[in-house]
Structures are given as C-alpha cells and as structure tokens.
Amino acid sequence: MSDVEVKKVEEKWVNTEEAAEITGYSFGSIRSLVKRISKQPEDEREIKLWKRAYRWELWLPDLMSYVDKPGRGPQPKRKISASE
C-alpha cells in the first residue's frame, strides 16, 4: 500500500449553506466563490455549479479538491502582535 492517502468524498450536489458548513468557509466566502466561478465558461470551471431556482449548488468532489489545494481553504485567524 502506498503512503498516499486517498480521500473518499460522497458524490453529490450541495447547496451554499452545506458547502460552507463542510469546508469551514463562511457563507459569504462561498457565495463570492460561486459568483466568481459562475462567470467563467462552464468547461473552464474548477467546481461544477448547478443553478436551481434561486440558489446555487456545487459538486462536492470538485469543491473538496478545490479546498485541498495549497493556499486555499479557510485561513487561520491572524494573531495580533504586541508591537501593533
């Protein structure tokens, strides 16, 4: 067996509230992400999106691979230094 751990992600569509809860992003961050990605051509999007009535849904496996890339995902809160 290799040292590489394969993460199994359920293949399903999640709404923006569920996406925020699963990833740890704020709801506003997910909404901004969807707004930015929805402007891209469909075949160039990193995350598959589905518009249902008045809400967006995201393909969970794509969302998790997006979050797992270096430099993405919720960032830890910055500590305020004593010198400031």
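Predicted model: local features only at pLDDT ≥ 70, side-chain atom pairs only at ≥ 80, totals over all residues.
**Entry 1**

Residues are numbered from 1 along each chain as its sequence is written, and side-chain values use heavy atoms, with hydrogens and water left out.

Which side chain meets Lys-69 in a salt bridge? I found Glu-46, with 3.0 Å from N to O. A salt bridge is a side-chain nitrogen of Lys or Arg within 4 Å of a carboxyl oxygen of Asp or Glu. The pair links distant parts of the chain, 23 residues apart: Glu-46 is in the loop between helix 2 and strand 2 (49-52), and Lys-69 is in the segment after helix 3. Glu-46 is partly exposed at 35% relative accessibility.

**Entry 2: The other salt bridges**

I searched the whole structure and noted 3 salt bridges. Arg-52 forms one with Glu-57, where the closest N and O atoms are 3.4 Å apart. Glu-57 also meets Arg-55, at 3.2 Å from N to O. I therefore wrote down Arg-52, Arg-55 and Glu-57 as a network of salt bridges. Is Glu-57 buried or exposed? Glu-57 counts as buried, at 8% relative accessibility. Arg-52 is partly exposed at 35%, and Arg-55 is partly exposed at 40%.

**Entry 3: Asp-62**

I next looked up Asp-62, which sits in helix 3 (residues 60-68). Helices (H or I, at least four residues) and strands (E, at least two) are DSSP runs, numbered from the N terminus. Asp-62 is buried and has no salt bridge. How far away is the nearest side chain of opposite charge? That side chain is Lys-48, 4.6 Å away. For charge, Lys and Arg count as positive and Asp and Glu as negative, while His and the chain ends are not counted.

I then listed contacts, meaning heavy atoms within 4.5 Å. Leaving aside neighbours within four places in sequence, Asp-62 is in contact with Glu-46, Ile-47 and Lys-48. The buried residues of helix 3 include Asp-62, Leu-63 and Tyr-66. The buried residues of this helix pack against strand 1 (13-15), helix 1 (16-23), helix 2 (27-38) and strand 3 (55-59).

**Entry 4: Aromatic rings**

Rings of Phe, Tyr and Trp (its six-membered ring) pair if their centres lie within 6.5 Å; planes under 30 degrees apart count as stacked, over 60 as edge-to-face and the rest as tilted. I noted 2 aromatic pairs by this rule. One of them is Trp-13 with Trp-50, which is tilted, at 5.7 Å centre to centre and 55° between the planes. Trp-13 lies in strand 1 and Trp-50 in strand 2, so this pair ties together parts 37 residues apart in sequence. Trp-13 is partly exposed at 28%, and Trp-50 is partly exposed at 41%. Trp-13, Trp-50 and Trp-59 form one aromatic cluster.

**Entry 5: The whole protein**

I counted 3 helices and 3 strands, which follow the pattern β-α-α-β-β-α along the sequence. Buried residues make up 29% of the 84 residues. Of the contacts with a separation of 6 or more, 54% come from residues 24 or more positions apart.

How values were computed
Buried < 20%, exposed > 50% of the residue type's maximum accessible area, 1.4 Å probe, protein only.
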